[in-house]
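Visitor: I have a structure here that I would like to walk through with you. Could we take it step by step?

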Amino acid sequence: MLSAAPDPRDELVEHLPAMRAFALSLARNPATADDLVQDALVKAWDNLDKFEPGSNLRAWLFTILRNTYYSMHRKRRREVEDPEGLHAASMSEKPHHDGRLALGDFRAAFVQLTDEQREALTLVGAEGFSYEEAAATCGCAVGTIKSRVNRARARLIELMHLDDEGDVVMTDSATLAVLTDKPLA
């Protein structure tokens, strides 16, 4: 009577200490070694149908472990360590579509202002004129320009459903200058 080959799943546990020791010799870090053993076991389990019964299970597991280590090592060579995220932050950019959407919302709200409010906001906010220069251009008192700008900004914030308490974030510096007291840079 032929005895059936032992199920390799039953033997996996026997090889764990040796796999961990081998992983530790490769990675020289206990946490990384544990991760390697776990990844290798998952790969082995998923590919047990490819294991040839009767061959050396330990050698097959060590090959998977070794290949997993070198794959991880190659991958990490291409990665940049950035624990605080400073490098990633310097490379990130706001999505362009957000700026276009915000600019579209701004344009729709801007046309709803009175002519005088649009004129005052354009001069003071977008063009960077002082209140005095804008008043001279419009032929009115400085207080009138200040009032128009203040009311126009409040109306824009209301129309755009923005929080006037928090910071307004826009991708367009001219729009930001119009909505806030921050001058055009």
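**A guided look at the fold**

Guide: Gladly, and please keep in mind that this is a predicted model. Among contacts in the protein chain between residues at least 6 apart in sequence, the share that joins residues at least 24 apart is 56%.

Visitor: How many helices and how many strands are there in the protein chain?

Guide: Read from the N terminus on, the elements run α-α-α-α-α-α-α-α-α-α. The count for the protein chain is therefore zero strands and 10 helices.

Visitor: What percentage of the residues count as buried?

Guide: The accessible surface of the protein chain comes to about 12600 Å², and carbon and sulfur atoms hold 52% of that. A residue needs under 20% relative accessible area to be called buried. Of the 185 residues in the chain, the buried share is 29%.

Visitor: Which element gives the most to the largest nonpolar core?

Guide: That core has 19 residues, and those with the most contacts inside it are Met19, Ala23, Leu36, Leu61, Leu65 and Tyr69. Two or more residues come from each of helix H2 (16-27), helix H3 (30-46) and helix H4 (57-78). With seven residues, the element that gives the most is H4.

Visitor: How many residues are in the other core, the one that lies apart from it?

Guide: Among the members of this other core are Ala109, Leu123, Ala134 and Ile145. In general, nonpolar side chains in soluble globular proteins tend to be buried together. The number of residues in this other core is 16.

Visitor: Does His15 count as buried or exposed?

Guide: The cut-off for buried is under 20% relative accessible area. His15 has 10% relative accessibility, so His15 counts as buried.

Visitor: And Ala44, which residues is it in contact with, leaving aside neighbours within four places in sequence?

Guide: Ala44 has its place in helix H3, and with a relative accessible area of 1% Ala44 is buried. The C-alpha atoms of Ala44 and Pro8, 36 residues apart along the chain, are separated by 10.0 Å. Leaving aside those sequence neighbours, Ala44 is in contact with Trp60, Leu61 and Ile64.

Visitor: Is Arg28 buried or exposed?

Guide: Arg28 is found in the loop between H2 and H3. Its phi is near 60 degrees, a positive value in a residue other than glycine, whereas most residues other than glycine have a negative phi. Since over 50% relative accessible area is the mark for exposed, and Arg28 has 70% relative accessibility, Arg28 counts as exposed.

Visitor: Are H8 and H9 roughly parallel or roughly perpendicular?

Guide: Helix H8 (residues 131-138) and helix H9 (residues 142-159) pack with their axes 8 Å apart, at an angle of about 105 degrees. Angles of 65 to 115 degrees belong to one class, so H8 is roughly perpendicular to H9.

Visitor: How many nonpolar, polar and charged residues does the contact of H8 with H9 have?

Guide: From H8 come Tyr131, Glu132, Ala134, Ala135 and Cys138, and they meet Val142, Ile145, Lys146, Val149 and Arg153 in H9. By class, the contact has seven nonpolar, no polar and three charged residues.

Key. Residues are numbered from 1 along each chain as its sequence is written. This is a predicted model: local features need pLDDT of at least 70, side-chain atom pairs count only at pLDDT 80 or more; totals for chains, interfaces and linings use all residues. Side-chain values use heavy atoms; hydrogens and water are left out. A nonpolar core is a set of buried Ala, Val, Leu, Ile, Met, Phe, Trp, Tyr and Cys residues joined through side-chain atoms within 4.5 Å. Buried means under 20% relative accessible area, exposed over 50%, partly exposed in between (1.4 Å probe, protein chains only). Helices (H or I, at least four residues) and strands (E, at least two) are DSSP runs, numbered from the N terminus. Contact means heavy atoms within 4.5 Å. Accessible areas come from the Shrake-Rupley method with a 1.4 Å probe; for residues, only the protein chains shown count as cover. Axes are lines fitted to C-alpha atoms, for helices over the stretch in contact, and angles run from 0 to 180 degrees between N-to-C directions. Angles under 35 degrees count as roughly parallel, over 145 as roughly antiparallel, 65 to 115 as roughly perpendicular and the rest as oblique. Ala, Val, Leu, Ile, Met, Phe, Trp, Tyr, Cys and Pro count as nonpolar, Asp, Glu, Lys and Arg as charged, and the others, Gly among them, as polar.
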